[in-house]
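Please examine the sequence and the structure shown below. The briefing that follows is arranged by topic and is intended to be read beside them.

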Amino acid sequence: MRFFILALCLVTGVWGFTLDEINDKPASRQKNFMIWQFLHQDINASQASEAFYQIDNVNERFLFDYAAKTDEEEIKYTASCLREQACNLPLIEQDDCLMLALTPAKATALKPEERENIAVGLNNRFGNTEWLRAMNQESMYTSVDNLNNETIVFRLAGATYRHERFNHTLSSEVLEALGQSPAFSQIVFLAVTDPAMDQMQQSIADVFVGNFDPQTHFFLAMNAVKYGKLENAVEHLKEAKGRFSSPIDRDKIVFWLYEITKDQNYLTELSQSLDINMYVLYAREILQLPTENYFTTLPTTQRTDSINGIDPFQWRLFSHEIKASTPETIVNLIDRCDGEDSVGVQGYVLERTYEPYIHNFTMPYDQYMSSVSTDDKALIYALMRQETRFIPGLISRSFALGLMQIMPFNVDSISKVLPLKPSNYFDMLQPEYSIVYSIAHLQHLINNLHNPVLIAYGYNGGLGSTKRLLMEGGRFLPGEYEPFLSMELIGNDENREYGKRVLANYVMYKKILGEEVSIKAIFDNLTQPTQSDYFRAEAIKNRQTLGRTE
């Protein structure tokens, strides 16, 4: 019964907020989180309205929550239209509502005559709907006559539709025209990161140089590598070299130039990077060079009024001061975050001020990890550093909470089995809650995934998503340029980069904690399905069992 009451309290927010508490806060992501919880409390339409109109950047989630509480007919009407199912599109009588409800993804479920009737009815009065007619073509990207509308469909109709209508060889004329399109970057991204788009990928592999952004050049290079067109890949990498602003992106270009050409000058250049990332650590491991530009401890004095980063609104104000700081003004900021409970914050200030020359690999809140192994501790710090840079009061745009960025739905689930119960979601900003809940969450991932890169994918994108990544598309198997090619061609941007960064953090913390580690061995493990994960190991075992019985 106690568990049930707790879960009910968390879901309904009976310990929730008052309007006075919300009104008192500045517009921010932190305030949005309070309003989101307030909209789920037992409130009337007037209270909901006062809170809703204080949201900073309204999205569909807020709109739908508000629509359930408000008596504003226009809001209810808009939310109702946006939520209409695909099967109801032909039945909608109001044209403005139909336009709100209509998307290329929903239109894939319509019959050709239904799409034509809708296109005739709307007649482009609320915006372009010619793409509806393009969807009635048997195949797309076969000529240059209707590329703009076909590209809308390509981008927005979904992967299954792309597989059916776009996955074929493209003529040089179509390819050249697409290369001039403002949407070319997205076309390349969606095509080369989807294993099922192999026919289109082979055409794109012929794209030589062009005036593209560096990330598009990089994806074109990876696709060229996949199809053995290495000279083409090198040209794209050279086009991208030096054009990225992010250090890790600059280093990945040098890494791939080395991988393809085996020119030792590239490996030396990579080893001299000031950044600490997987490419640099790999180069230094090959060259047997140490990494030295980081710190793990800070001289600090305990004080009672330190800024520890737990209060999200206090942290918000302090972070603005950090952004405005210079090496000359930093001393004052460091003095204000003195003390053991503020080591992570102090390290963050130092790193932000002196980046890229020094990197923060401190280990705050160690007292809450006494029950975990050294390897698990390295993994927790690797994730913590990537998630929040050790700031406990962070709330993400999706409302992931605290040091380890636990989502509210995971808090609800884990709180049913852990003895440590939060009284409300803001308790997750306390380090002891965040770390204990992350350990429980991680155990589920570790049971199924046996490589830090895969665990990072699972922590960021979910176990189901990682399972699909491994089981579909033939990724992470032995082969030249693997597992690097698989890592670079993951279609989820956030997931792809998250895995790389957590891996580098993990290798660093393993070394700092005194455990032997080889980043090359971790990469090798990724291409061995029987060692890297439960899902592929079980599939192989089942196939072998089936083979013996036939």
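This is a predicted model: local features need pLDDT of at least 70, side-chain atom pairs count only at pLDDT 80 or more; totals for chains, interfaces and linings use all residues.

Which helices are included in what covers the buried residues of H3? The cover includes helix H2 (19-23), helix H4 (45-52), helix H5 (60-67), helix H21 (312-323) and helix H25 (408-414).

**Helix H3**

- Helix H3 covers residues 29-38, and nine of its 10 residues are buried, so the helix is largely enclosed by the rest of the structure.
- The buried residues of H3 are Gln30, Lys31, Asn32, Phe33, Met34, Ile35, Trp36, Gln37 and Phe38.

**Cysteines and the disulfide**

- A disulfide is a covalent bond between the sulfur atoms of two cysteines.
- One disulfide is found when the whole structure is searched.
- The bond joins Cys81 to Cys97, with a distance of 2.0 Å from S to S.
- Distant parts of the chain are linked by this pair: Cys81 belongs to helix H6 (residues 73-82) and Cys97 to helix H7 (residues 95-101), and the two cysteines are 16 residues apart.
- The link of Cys81 and Cys97 is left-handed, with -120° about the S-S bond.
- Cys81 and Cys97 are both buried.
- Cys87, by contrast, takes part in no disulfide; the nearest cysteine sulfur belongs to Cys97 and is 14 Å away.
- Is Cys87 buried or exposed? Cys87 has a relative accessible area of 61%, so it counts as exposed, the cut-off being over 50%.
- Cys337 has a relative accessible area of 0% and is buried.

**Two serines**

- Ser325 is located in the loop between H21 and helix H22 (330-335).
- The relative accessible area of Ser325 is 16%; because this is under 20%, the residue counts as buried.
- A polar atom of the Ser325 side chain lies 2.7 Å from the backbone oxygen of Ile322.
- When neighbours within four places in sequence are left aside, Ser325 is in contact with Leu333 and Thr353.
- Ser413 is part of helix H25, one of the helices included in the cover of H3.
- Ser413 is partly exposed, with a relative accessible area of 41%.
- Ser413 and His441 are 28 residues apart along the chain, and their C-alpha atoms are separated by 9.7 Å.

**The second largest pocket**

- How much space lies in the second largest pocket? Its volume is about 420 Å³.
- The lining of this pocket consists of 19 residues, and those nearest its centre are Thr193, Pro195, Arg475, Gly491 and Asn492.
- Helix H12 (159-165), helix H14 (184-192) and helix H28 (463-471) are the elements that each give two or more residues to the lining.
- H28 supplies the largest share of the lining, four residues.
- Sorted by class, the lining residues are seven nonpolar, seven polar and five charged.

**Backbone features**

- Most residues other than glycine have a negative phi, and most peptide bonds are trans.
- The peptide bond from Glu355 to Pro356 is cis, and its omega is near 10°.
- Pro356 is placed in the loop between helix H23 (343-354) and strand E2 (359-360).
- Glu482 and Pro483 are also joined by a cis peptide bond, for which omega is about 5°.
- The loop that holds Pro483 runs between H28 and helix H29 (484-488), and H28 is the helix that gives four residues to the lining of the second largest pocket.
- Phe399 is not a glycine, yet its phi is positive, at about 70°.
- Phe399 lies in the loop between helix H24 (374-388) and H25.
- With a relative accessibility of 2%, Phe399 counts as buried.
- Gln405 is likewise a residue other than glycine with a positive phi, in this case near 50°.
- The loop between H24 and H25 is where Gln405 is found.
- Gln405 has a relative accessible area of 12% and is buried.

Conventions. Residues are numbered from 1 along each chain as its sequence is written. Side-chain values use heavy atoms; hydrogens and water are left out. Buried means under 20% relative accessible area, exposed over 50%, partly exposed in between (1.4 Å probe, protein chains only). Contact means heavy atoms within 4.5 Å. A disulfide is a pair of cysteine sulfur atoms within 2.5 Å. On a 1 Å grid over the protein atoms alone, a cavity is a set of points where a 1.4 Å probe fits but cannot get out, and a pocket is an open set with protein on both sides within 12 Å along at least five of seven lines; lining residues have an atom within 4 Å of a point. Grid points are joined across faces, edges and corners, and a volume is the space filled by probe spheres set on the points. Ala, Val, Leu, Ile, Met, Phe, Trp, Tyr, Cys and Pro count as nonpolar, Asp, Glu, Lys and Arg as charged, and the others, Gly among them, as polar. A polar contact is a pair of N or O atoms within 3.5 Å; within protein, one must be able to donate a hydrogen and the other to accept it, and residues adjacent in sequence count only if both atoms are side-chain atoms.
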